[in-house]
Amino acid sequence: MMNKLVSIVVPVYNVDKYLDKCINSIVNQWYKNLEIILIDDGSTDESGKKCDLWAKKDNRIRVIHKENGGLSDARNVGINNAKGYYISFIDSDDFISEQYIQELYENIINTESDISICNPYYYYEQNNNTKIVKRYKIKIDRIVGNSIDMTKVLLYQKYFDTSAWGKLYKTELFKKNEIYYPKGKLYEDIATTYKVFLKAKKIVFINKNLYFYRQRSDSIMSSKFNKKEMDYINNAQEMMKNLSQLNIEMINKAAISRFLSTNFAIYRKIPNSKSYANEIKIIKDNIKKYRKIVLLDKNSRLKNRVAVLISYINLKIIKLL
């Protein structure tokens with residue numbers, strides 16, 4: 001039986017410095033039946049031209065040039081244009097191991113799953129020095145579960161997180177259910193991945209580090225705070241609200257734990273300034289409202305529960321850690 005077509009969607013915006021490494025890692029995959037969709041999201045550097053040059057080298061590559069609409073919009077264009085039975089998203093400043101698609105594909109087939117997930121590396125590069133760190137240091141080889149059980153794992157961030165990348169999905173999970181990434185929002189993954197999980201019948205995770213997640217000093221997570229980053233909290237709050245409608249206690253608790261985690265993450269970044277007084281108040285109110293639930297939840301991550309304990313003493317201490 002012939003391997004099914006896999007669509008790889010790569011949103012591209014001003015990543016001239018990293019793009020060749022990313023695309024090179026895709027075209028050299030062991031798994032060959034690919035369509036590689038490069039979405040040039042209105043790049044103002046040489047990224048768009050590089051995409052076109054790569055398309056001339058490999059007939060599996062298709063380039064779509066569009067006006068800048070952000071990461072979510074670019075991914076959505078990729079979804080709408082994907083012809084593959086399966087789809088995977090790769091950020092254009094990251095790269096993948098040669099067996100990335102092969103491993104994810106074999107596990108999705110062998111376990112009759114709808115989504116396959118791998119473990120990523122954190123990739124640091126500075127002054128020609130590189131450092132590679134495992135994202136999750138775990139001992140299991142593989143876990144397989146239904147949508148509810150794996151959504152619980154997703155929310156507790158035990159083996160994997162809400163990132164769009166590092167996963168292989170049945171394309172119909174997006175198209176059939178009309179699931180798209182929210183345009184114009186930061187931290188769009190947390191608003192979307194759980195919806196896809198809930199539509200899957202079975203999901204498999206493999207403990208193999210196959211995706212290299214580049215850590216950049218100018219990324220959203222490492223840059224200075226701006227009010228737009230409250231999208232992280234707002235998206236997580238909407239997710240928590242939507243999941244509460246399932247009336248499944250373990251999912252409710254997991255969603256609350258994930259929501260509080262976003263609040264702690266943004267609180268650490270936000271400056272103690274009158275300019276952000278309203279945002280700080282929102283975060284403090286959220287923490288006070290849900291911290292007891294998380295503290296008593298043994299499934300919640302240790303650092304989340306430690307942050308809750310600290311919040312009872314003095315929330316400002318969290319900024320120092």
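Biologist: Which residues of H5 are buried?

Modeller: Buried means under 20% relative accessible area, with a 1.4 Å probe and protein chains only. In H5 these are Ser147, Met150, Thr151, Val153, Leu154, Leu155 and Tyr156. The model is predicted, with local features needing pLDDT of at least 70 and side-chain atom pairs pLDDT 80 or more, while totals for chains, interfaces and linings use all residues. Residues are numbered from 1 along each chain as its sequence is written, and side-chain values use heavy atoms, without hydrogens and water.

Biologist: What caps the N-terminal end of H5?

Modeller: Asn146 does, with a side-chain oxygen 3.2 Å from the backbone nitrogen of Ile148. Just after H5, Gln157 has a positive phi of about 55 degrees.

Biologist: At what angle do H10 and H11 pack?

Modeller: Axes are lines fitted to C-alpha atoms, for helices over the stretch in contact, and angles run from 0 to 180 degrees between N-to-C directions. H10 (residues 277-295) and H11 (residues 302-313) pack at about 130 degrees, their axes 9 Å apart. Angles under 35 degrees count as roughly parallel, over 145 as roughly antiparallel, 65 to 115 as roughly perpendicular and the rest as oblique. The two helices, H10 and H11, are therefore oblique to each other.

Conventions
Helix = DSSP H or I, 4+ residues; strand = E, 2+ residues; numbered from the N terminus. Buried < 20%, exposed > 50% of the residue type's maximum accessible area, 1.4 Å probe, protein only. Polar contact = N/O pair within 3.5 Å; in protein donor to acceptor, adjacent residues only side chain to side chain.
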